[in-house]
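Dear colleague,

I am passing on a structure that you have not worked with before. Please look through it first, and then read the notes below.

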Amino acid sequence: MSWFTGARRHPSAVLLVVQLLGVVIYPLTQGSQAGRVGFEIIGIVVLVLAVFSVRATPGLTWISIGLGIPAVTLSFIDVYNSSDAVVAISAVLHAAFYFYAAYSLLRYMLSDHDVSTDELYATGATFTLVAWGFAYLFVFVQVLVPGSFIAAVAPSNDRTWMELLFLSFTTLSSTGLSDVVPISDWGRSVVMLEQLAGLGYVAMVVSRLVGLTLSRRTT
């Protein structure tokens with residue numbers, strides 16, 4: 001089938017689309033156990049797609065699987081038998097998985113001097129993978145130091161996954177529009193690291209595109 005062939009040819013595009021759909025769908029899953037299970041299923045799809053994308057890159061598939069399977073298992077345990085330890089370990093594994101997938105896609109984009117269509121999609125997919133990874137780090141920090149993040153609404157409550165993901169996207173993109181604010185030292189440290197990662201990523205991608213453009217004009 002043509003769509004299946006296109007998906008195999010552009011796995012980074014599929015990964016990017018599913019992640020963005022997850023951002024849109026997640027608000028519909030809040031407030032119920034069935035919704036949380038549904039969101040975890042979406043998460044599994046994203047993880048599988050990320051592993052598939054990594055397989056097309058210099059990254060090692062077994063590392064992705066080794067991080068992804070226990071992360072997903074702990075996520076389901078968290079749905080039915082939640083505890084701080086389960087949430088913290090699951091968050092660390094998820095963050096490690098997404099960062100490794102982002103690293104592999106970055107190597108994929110920088111591996112040659114030609115920019116393919118899938119590498120352009122990988123640019124966006126890598127950004128969203130890093131945003132997801134830092135959001136899970138925020139979850140870990142919130143378990144480690146309760147009250148690390150406050151917001152305009154119900155400031156004394158723990159921040160939801162959507163709030164922390166929103167904070168991650170606004171921090172990584174340097175827009176700074178989030179109403180979620182880190183107030184603990186650990187929270188601010190992770191936010192500063194993400195700000196540096198966002199600036200470095202944009203600078204790297206822009207410099208590479210400019211360099212390739214100039215090299216083509218001189219040949």
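**What was found**

The protein chain contains eight helices and two strands, where helices (H or I, at least four residues) and strands (E, at least two) are DSSP runs numbered from the N terminus. Starting at the N terminus, the order of the elements is α-α-α-α-α-α-β-α-β-α. Please keep in mind that this is a predicted model, in which local features need pLDDT of at least 70 and side-chain atom pairs count only at pLDDT 80 or more, while totals for chains, interfaces and linings use all residues. Residues are numbered from 1 along each chain as its sequence is written, and side-chain values use heavy atoms, with hydrogens and water left out.

Of the 219 residues in the protein chain, 44% are buried, a word that here stands for under 20% relative accessible area, with exposed being over 50% and partly exposed in between (1.4 Å probe, protein chains only). The largest nonpolar core has 50 residues, and those with the most contacts inside it are L15, Y98, L129, Y136, F138, F149 and W161. Such a core is a set of buried Ala, Val, Leu, Ile, Met, Phe, Trp, Tyr and Cys residues joined through side-chain atoms within 4.5 Å. Among the elements that give two or more residues to this core are helix 2 (11–29), helix 5 (84–109), helix 6 (117–144) and helix 8 (185–218).

The buried residues of helix 2 include L15, L16, V18 and Y26. Helix 2 has 19 residues and reaches 26 Å from its first C-alpha to its last, close to the 27 Å expected at 1.5 Å a residue, the expected span being 1.5 Å times one less than the number of residues. A kink of about 35° lies at V23 in helix 2, shortly before the proline P27, the bend being the angle between axes fitted to the seven residues ending at a position and the seven starting there.

Helix 4, for its part, has 20 residues and spans 29 Å between its first and last C-alpha, close to the expected 28 Å; its buried residues include S64, L67, G68 and D78.

With kind regards
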